[in-house]
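Dear colleague,

Please find below the structure that I am handing over to you. My notes on it follow.

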Amino acid sequence: MKLSEIKEILLTLDNVEFQLENGAFVPEHFHVTEVGTVTKNFIDCGGTIRQEKVVNFQLWNADDFEHRLKPGKLLNIIKLSEEKLGIEDDEIEVEYQNITIGKYDLDFNGKTFILKSKTTACLAEDACGIPSEKQKVKLADLSSGKVSCCTPESGCC
């Protein structure tokens, strides 16, 4: 989800809720403690120089159980970060500490923002020596009804 998308969605909401893919909700007293841009410059294992840039939201829970972040407040935080930091309309990555700090993509199901698990991947599989995935075939599909010319006693094998 891009920054422009969350801004449009926030205009339509009464409450801001985040939910993990497993159905667990981020406690409703969460704070958005950071909004910023994270730029990653790196070289992949194939030697290609790459750059990734995301808008980063950090969610945090405190012991202030009466706290509720309203959509207008989050919009104000986003607008301030755009003005002061020059944040652009990039994809959003959410940091949230469950057991450890996790990074999530963001989606919306019509009511709740969904924290979607991210995965790693090799960006240079051809240079890395990773074999391409073999096509899976059912053994039953291999027999085409033909009779084999080889038998155990034929000596052809």
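The buried residues of α2 make their contacts with α1 (3-10), β2 and β3. Please bear in mind that this is a predicted model.

The residues of α2 that are buried are P71, L74, L75, I78 and S81. Because they cover an arc of only 125° around the axis, they lie on the same side of α2. The exposed residues E83 and K84 are carried by the face of α2 that is turned away from its buried side.

The length of the helix was also checked. Helix α2 comprises 15 residues (residues 71-85), which at 1.5 Å a residue should span 21 Å; the C-alpha atoms at its ends are 21 Å apart, so the two values agree. Just after α2, G86 adopts a positive phi of about 70°.

Turning to the largest pocket, its volume is about 520 Å³. Its lining consists of 17 residues, and those nearest the centre are K40, E52, E93, K118 and T119. Two or more lining residues come from each of the elements β2 (30-43), β3 (49-61), β4 (92-97) and β5 (101-108). By class, the lining of this pocket contains 9 charged, 6 nonpolar and 2 polar residues.

With kind regards

Terms used:
Residues numbered from 1 in each chain as written. Predicted model: local features only at pLDDT ≥ 70, side-chain atom pairs only at ≥ 80, totals over all residues. Heavy atoms only, no water. 1 Å grid on protein atoms, 1.4 Å probe; cavity = no way out; pocket = protein on both sides within 12 Å on 5 of 7 lines; lining within 4 Å. Points joined across faces, edges and corners; volume = space filled by probe spheres on them. Helix = DSSP H or I, 4+ residues; strand = E, 2+ residues; numbered from the N terminus. Nonpolar A, V, L, I, M, F, W, Y, C, P; charged D, E, K, R; others polar. Expected span 1.5 Å × (residues − 1). Buried < 20%, exposed > 50% of the residue type's maximum accessible area, 1.4 Å probe, protein only. Arc of directions from axis to C-beta. Contact = heavy atoms within 4.5 Å.
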